[in-house]
Amino acid sequence: MQVLAGPLLRRMTTDRLTFWLMTTEPVTVDLILTQNKTALFELKDAQITESHTQLKAGENLFIQLLDIKLETPLPINNPIHYDLRLNGLDWTQWSEDLVYPEQSLPFFILQPNIHKMLHGSCRKPHHSSKDGLLRVDELLQNTDPKDWPSILMMSGDQIYADDVAAPMLWAIHQLIPHLGMHDEKLPCIEVESAHQLHIEPSYYYARETLLPENKVNRSMIEQIFGGVRKPVFTTDTAQNHLISLAEILSMYALVWSPKGWDLLLGDNGWSEPTGLSDEQKKDFSKQKLILQDFVKGLSKVRRALAHLPVAMIFDDHDITDDWNLTAAWEQTAYNHPFSARIIGNALLGYLICQGWGNAPEHFSNELINKIQKVLNHPGRVEHDELIQELFRFSKWNYTWQTTPPLVVLDTRTQRWRSEKSLENPSGLMDWEALTDLQQQLKGLDAVVLVSPAPIFGVKLIESIQRVFTWLGKPLMVDAENWMAHPGSAYALMNMFRHNQTPKNFVILSGDVHYSFVYDIQLRGNKQGSDLWQITSSGIKNEFPGKLLDIFDRLNRWLYSPRSPLNWFTRRRSMKVIPHKPETAAHGERLLNGAGISLVTLNDDGSPSAVVQMCSDGRDIHFKLSERDATWE
């Protein structure tokens with residue numbers, strides 16, 4: 001038996017534990033919890049059955065979720081070791097490098113009071129930067145467990161379903177036969193089944209050729225796989241967009257663990273698909289070197305995720321670039337069976353591999369049974385019916401009852417569509433969702449609010465997005481920010497001003513591929529909340545360096561405190577104070593460095609320290625105690 005991925009710790013509380021993993025065989029599970037070698041809890045397979053859900057996704061692929069309710073609360077703030085036995089085998093027989101030195105078992109620490117937490121987003125395997133999750137493993141290994149962070153929050157783009165390097169796509173196709181996943185009939189003409197897609201090398205760098213080309217659907221071909229930015233699949237690298245459910249699930253196996261790579265590489269190592277042009281071969285070789293380095297670190301990534309509770313939420317690249325950006329995009333995407341299937345497969349993969357562990361109670365047994373039927377026979381009418389049900393699903397957001405509470409927003413499927421034009425950007429949350437959020441926040445002293453896209457972003461970039469929206473081209477600049485839609489922007493600002501909402505808001509975001517810290521003050525409202533926007537992006541991705549430097553400096557010049565341009569923004573009633581990274585040159589406020597952010601909170605829920613742990617080994621502190629004098 002192989003454990004392809006995991007165990008990943010998901011929601012972990014004193015009375016409920018959630019583990020997720022992928023295996024190559026069906027498993028029985030025994031779990032023993034100990035503290036200081038004293039048994040705390042033991043469940044044999046016969047007892048754990050009701051807490052164990054197993055999905056069969058292929059002849060050699062099984063996805064496991066353990067959601068264990070405990071009658072006696074577990075102790076907090078001290079390591080709890082767990083002996084997870086699969087078919088009677090302990091960790092040494094299925095994951096030889098799972099534990100830290102001088103430990104006999106993996107362990108976790110329950111810390112319901114958040115003093116420290118990690119967060120980041122945007123982990124693209126073939127980006128040239130190092131993997132920021134390696135810094136998480138380094139931190140855990142070199143820190144007294146009692147001083148570990150409480151949670152790792154991954155705030156979007158945990159995979160890039162729409163931007164896949166050709167060597168990664170090759171690896172996915174090599175892994176699929178090992179896993180024995182069922183063939184999927186595709187709703188297109190030239191390629192009728194996923195199996196044909198997986199074995200035909202001519203579709204590397206050329207998936208835009210898949211739709212039939214005739215007068216009826218030529219425009220749809222251009223929209224779905226065009227070389228320029230169009231309403232659907234707008235990423236610049238859509239040629240290798242994941243399509244089948246088998247591809248999606250294999251991608252997850254390959255980004256969280258080295259075991260899948262061990263299966264597909266074996267003794268023969270890397271090869272490459274046939275039929276590539278000379279230019280494509282050069283690109284393949286370049287990306288292969290980056291992926292080889294990525295794979296070397298995966299055992300440490302798996303180890304970290306087996307010790308620290310991990311919260312996740314989607315952003316667009318988990319599904320596809322610009323997902324639900326405008327009402328016109330939605331109409332085009334969901335009314336064509338092929339594009340709907342591609343998007344739906346990515347959303348189904350997110351549910352199985354990410355969303356399920358955030359809040360298992362949101363996903364009914366009836367829904368899980370429907371998923372199993374689709375996994376048994378993908379491509380049938382039940383598959384498309386399930387996808388339509390997921391498009392209507394409304395429980396992707398969730399809250400972990402920590403102190404302060406971790407409130408994670410769904411900013412992708414509850415959009416506030418523009419009433420002026422279908423082409424205008426939608427609000428990131430609609431009025432009903434924002435109203436529900438305000439009711440949830442009433443009476444709280446503090447909250448950690450997770451918004452995949454920053455609520456308070458860079459004014460210059462938002463202004464550029466607004467100009468392109470006026471020109472009818474919002475998709476050209478990814479014009480999705482909270483201020484792009486007046487209704488959602490005003491509702492959000494009013495929520496922050498409400499006298500019953502929390503005194504301290506810490507807003508964690510990603511998405512943008514650079515990092516920054518803002519302190520936001522409400523003008524003329526002494527009773528208003530204290531707001532902090534802390535953005536960390538990406539885990540393995542960065543913004544083009546020279547371009548970001550230009551934007552950073554122009555933003556400072558054009559939107560200085562005395563600039564009249566501030567009165568044309570939706571944040572004119574607020575004072576936004578940037579806090580500089582300690583390494584910033586004069587005029588710089590944005591940090592361009594792949595990695596992960598470590599946030600330390602005071603007892604009242606306000607931040608006391610923010611450190612970007614860069615993947616290149618640097619620790620860059622933001623100067624929270626200092627404010628730019630020109631902003632006072």
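User: How many aromatic pairs does the structure hold?
Analyst: This is a predicted model, in which local features need pLDDT of at least 70, side-chain atom pairs count only at pLDDT 80 or more, and totals for chains, interfaces and linings use all residues. Residues are numbered from 1 along each chain as its sequence is written, and side-chain values use heavy atoms, with hydrogens and water left out. Rings of Phe, Tyr and Trp (its six-membered ring) pair if their centres lie within 6.5 Å; planes under 30 degrees apart are stacked, over 60 edge-to-face, and the rest tilted. The number of aromatic pairs in the structure is 23.

User: Which kind of aromatic pair do Y350 and W396 form?
Analyst: The ring centres of Y350 and W396 are 5.7 Å apart.

User: Is Y350 buried or exposed?
Analyst: Buried means under 20% relative accessible area, exposed over 50%, and partly exposed in between (1.4 Å probe, protein chains only). Y350 has 0% relative accessibility, so Y350 is buried.

User: Which residues of α12 are exposed?
Analyst: Helix α12 covers residues 365–376; helices (H or I, at least four residues) and strands (E, at least two) are DSSP runs, numbered from the N terminus. Its buried residues are L367, I368, I371, Q372, V374 and L375. On the other side of α12, the exposed residues are N365, E366 and K373.

Notes: Expected span 1.5 Å × (residues − 1).
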